[in-house]
Each structure stands twice: as C-alpha cells, then as structure tokens.
Amino acid sequence: MAVCARLCGVGPSRGCRRRQQRRGPAETAAADSEPDTDPEEERIEAGAAALSGAGGGGSAGPSPPPRCSLLELPPELLVEIFASLPGTDLPSLAQVCTKFRRILHTDTIWRRRCREEYGVCENLRKLEITGVSCRDVYAKRINPRVKSGRFMKILPDYEHMEYRDVYTCLLHRYRHILGLWQPDIGPYGGLLNVVVDGLFIIGWMYLPPHDPHVDDPMRFKPLFRIHLMERKSATVECMYGHRGPHNGHIQIVKKDEFSTKCNQTDHHRMSGGRQEEFRTWLREEWGRTLEDIFHEHMQELILMKFIYTSQYDNCLTYRRIYLPPSHPDDLLRPGLFKGTYGSHGLEIVMLSFHGRHARGTKITGDPNIPAGQQTVEIDLMHRIQLPDIENLRDFNELSRIVLEVREQVRQEQQQQEDGPEDGEGCSRQSPQEPQQGPAQLSVEPPAEKGREPGDGGAVAAAEQPAQSGQGQPFVLPMGVSSRNEDYPRTCRMCFYGTGLIAGHGFTSPERTPGVFILFDEDRFGFIWLELKSFSLYSRVQATFRNADAPSPQAFEEMLKNIQSLTS
C-alpha cells in the first residue's frame, strides 16, 4: 500500500481502498507484501546513513543534526518541488531513481510547466480552445450514393491526452519558432507572430489596417498551425487559402531561421481562377475593389504585389526579429508602428533608439524601399523650432529652417573629421561615457532674424509647451500631401531627420532632409521635403511574447542582418 500511496501522491486514498476491496484475497496479500522502497532508494538511504554514522564516531561533542534526504519527503511535497523546476530539468531528474520517475508521471507537474512557461491555461478535459472552431471539431462526410452524410470528429480526443505529451511533443519541440519573424518575400517582407494559442501553436501574419486608417487595429490571419494527434506526434497544417487546413511541413533550418512548406497547394486555388483569387486578395489586402482605385500607378503597384506574393504558395523562409530595447531616457517608447507611404499604402516600421539618433527600420516594404531598410533617421541633438501657425503654412519657410539645420549638421561633421587626432578641443563623446538622453538636450536651433546665435530663448520656448503638456499648434504646410488628413493638430517637439528615397527596384537610393514631429507617446510624423509628402505613424497596440532581444548587441546584429538581405 505504500507504493500505491506514492503513486497517488496523497497517501492511501479512497480510490485505493476501493481497488483493494475489488481484489481477491491472493491479490491483496501480494500487494501488502510489496516492499515500500525499491533497491535504488534503499541504496541511497544506506549511503546517507553510513556517512552520518562515520561522522559521529569517536566525537565527544554534540552530534550534528540528522540530514534529511529528498527521498524522505512526502510525495505531495515532492510534486510541489518538481512542479517549480524548469521543464527541461525534469528528464534528468527522472533518471535519479524510480521514486522520482514515478512522481514525474503526475500530470499536475506538467500542467503547471505548460502554464508558466508557455501560457497554456486550457483544461484538457474540456475542449475550449481558442484556435479551434466548431467547424474544425466536426466535419460532415457525404455519401454520394444516398446524398446524406454523417458527422465525423477530425480533431484528437484531448480527454485521453496528458500534459506531459503536450509539453514534450508540442511545446518543447517547437519552442524555437515562438516569437516574431520576418518572411523572405522579396521587397515586401512581413510580420509573423508564432504563439501558443490554446493547445495549438499558430503562426499569425500581422497585416496593417486598410489604407489610410493608420489608427485602426492590426489585422491578422493564420498561415499555419501545429497540434497533437492521438498518436502523440505533432501535425503541421497549412492555413493558407480558403479551403480550410491541409497538410504542411515546418523545417528549422538553423538558429533563428525556419521554413514552411505546403504539401497541398491545390487548396490555395479558387474555382473562379486567378481573377477570383485576385479580387478576393484585393478585398482582404486593401478593403476595396479595383474599380474603386482610380489612380493608375496605384493599380499597377497592387497588381505587381499580388503577382509577386502569390507565387510563394506559403512556402517561405522566416528570419527572427526582436523588439527594440527601451531606456527611461528615450524620447518615446520604441516599438512597432504603422505608417502611411503614399501609393504603397500602410507599412510596418520599427522605431529604435541608438544614442543620439533614432531610426525607423521597415518590417514591411515596397519595390522602392524594400523591407529591412532604414526609412527614416532622426538626429536627437538638433531640435527644430517651428514657426507660428501662419508661417508654418508656408512650405518655403519650413524648407528654409530645415536646410539651415542640415548645413549646421554638415559643418559639425566636417569639424569632427578635421579635428586634431590627439583629441584636444574635440567634444566628441566616447562610447564609454554615458550619453545624454533626449530629455536633457539643449542644442540650439539655427539663428533667426533678430536673434543672436547664443540666445537660447527659442529652445526654452519650445521646451515650455512640451513640458506643460499643452503642446504647440501644428498644421501641414500648403502643398504637402498626406494620405490621412486626420492628423493631430498639436505636437510636443520636432527634430531634424533624413528620409530614404529611391527609384523602382531600390535604384539610386539617397537620404533627403525632413522633419520628425512627435505628437504623443503613440504617434509621430515625418515630412519629406523633397517629395512634399507627409507620413503619419501610429503605434501597433499588441503584446508580443518571446520577442525581446537577449542583449543590445543581438538587436544590433539583427538589424544588420535584415538590412543586408535587401541591400
């Protein structure tokens, strides 16, 4: 009965007594004669007793307190201890002795590991899974001879599955693909978030809202899912297309890279042919029909994207991306933003801070500036004081101010390059010195008429409304185009920046001056002077797990890798 008590975890329970009553006399006698411990436990306990006896012999002083072995703890306490350990350590613990191996068969241990490490909160005894619809649970099989059908369950019976199988065969096996990824779709890129969704692992493709509604929430659709079958092996299903899940494959190529393959691409085709597929894709991608788009150039860009992206048939390679690290002195919280890019629609940009500069890196791109490239760069050491609201409407006045700042930046860079090599008189900050945060910046804007260069009144005037929380009035200059006219009419502060522009196919890329406008914690804008265009960016309001960079160096290396793929 002691062995039965260990397996139950709480001692001789009512269930054990019922099983004993159902036994015959011979079976009961055999069970009572079973030893309480196995040979491995007796060997460990004998060794511990020998050590304590050897230490106490021949000593006149007080005997040391007896040592307590893990084997002497009650099973319910061992269950609590084992459940608090990382799941990767439990297989090694099972090799210690038979008692530990038996206790590790307790399903509550693995259920806790699934919940704490992967966020699985579902009960296997109840089919309440967010990644499963009623249509997926049951499918109707039609008999063509009698024109009737019967319902057949097509998902596994989770009542006969254990959390240990979920952890070892599903979660732990595919743990390396959890997180954020960028698909290799030429210049277009993308954002894939692989998460544990119920008792599934699902790859969700995140899509910007329909142009030009930049403040709307992100859209997402599943590309693949992984779940367990009755034979305790993980099954990969492709979710691309409109005919339901079908057979797929996932291969982990190397560290921070994996690929997907669809084994039934005929499920991606529609009965109406390519024309029906294009119209369906257009409604999903742009929320409109081709007849609603009157701009001929935009029609060409949309058709080009459909032809390019549909040829992959969900057979893609993904590379890991990290969210940018944050610092208390950052101008605003870094992260992912949705931005307007003219005829190309909305695209996803990652804003990150690098000392005295901030950078916006494209996660999704277009034929002109592909994904992975640095779309904007902000010089946090050169603030721009905008003129009053009436003069701000004059594009020439804004252009004059920005070009003066650009000349100042060019002169400073020239002085640093021509400075003395010994460092005398050089004000360049060493990498070891703590860099000044944007909140403490005191760089003066270009001198205005009637104001001496040393007069800091302009900076003080700019900082005063920003610190009071009121902000300063803002309006786009006349002649500057914007996809979204519903932009904020007040801003906190502005900085000098540069934007990357190029011809089709990323030809003749160059950086042109512009203005970075900070509206609030979740929105900013950028005026492209040469294009006379305005881009509005709004934060992606989503929580991403397994997306933090292990170190700042790893994040910088990731940026270099995704940029080199499209350079």
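At what angle do helix H8 and helix H10 pack, and how far apart are their axes?

## Two helices in contact

Helix H8 (residues 107-118) packs on helix H10 (residues 163-171) at an angle of about 45°, and their axes lie 7 Å apart. Axes here are lines fitted to C-alpha atoms over the stretch in contact, with angles running from 0 to 180 degrees between N-to-C directions. H8 and H10 are therefore oblique to each other; angles under 35 degrees count as roughly parallel, over 145 as roughly antiparallel, 65 to 115 as roughly perpendicular and the rest as oblique. Helices (H or I, at least four residues) and strands (E, at least two) are DSSP runs, numbered from the N terminus.

On the H8 side, the contact (heavy atoms within 4.5 Å) involves residues including Trp110, Arg113 and Glu117. H10 brings in Tyr163, Val166 and Leu171, among them. Sorted by type, the residues of this contact are seven nonpolar, one polar and five charged. Ala, Val, Leu, Ile, Met, Phe, Trp, Tyr, Cys and Pro count as nonpolar, Asp, Glu, Lys and Arg as charged, and the others, Gly among them, as polar.

Residues are numbered from 1 along each chain as its sequence is written, and side-chain values use heavy atoms, leaving out hydrogens and water.

The chain's mean pLDDT (the predictor's confidence in each residue, from 0 to 100) is 78, with 72% of its residues at 70 or more. Residues 1-22 stay under 50, and residues 28-37 are below 50 too. Where pLDDT is low, the predicted coordinates should not be read in detail.

## Salt bridges

There are 24 salt bridges, each a side-chain nitrogen of Lys or Arg within 4 Å of a carboxyl oxygen of Asp or Glu. Arg523 pairs with Asp215 at 3.9 Å, N to O. That link joins strand S20 to the loop between strands S5 and S6, 308 residues apart. Arg523 is partly exposed at 24% relative accessibility, and so is Asp215 at 38%. Arg523 also bridges to Asp520, at 3.0 Å.

Arg225 and Glu237 meet at 2.7 Å, tying strand S6 to strand S7, 12 residues apart. Both are buried (under 20% relative accessible area; exposed is over 50%, partly exposed in between, with a 1.4 Å probe and protein chains only). Elsewhere, Glu80, Arg112, Arg113, Glu116 and Glu117 form a salt-bridge network.

Conventions. Predicted model: local features only at pLDDT ≥ 70, side-chain atom pairs only at ≥ 80, totals over all residues.
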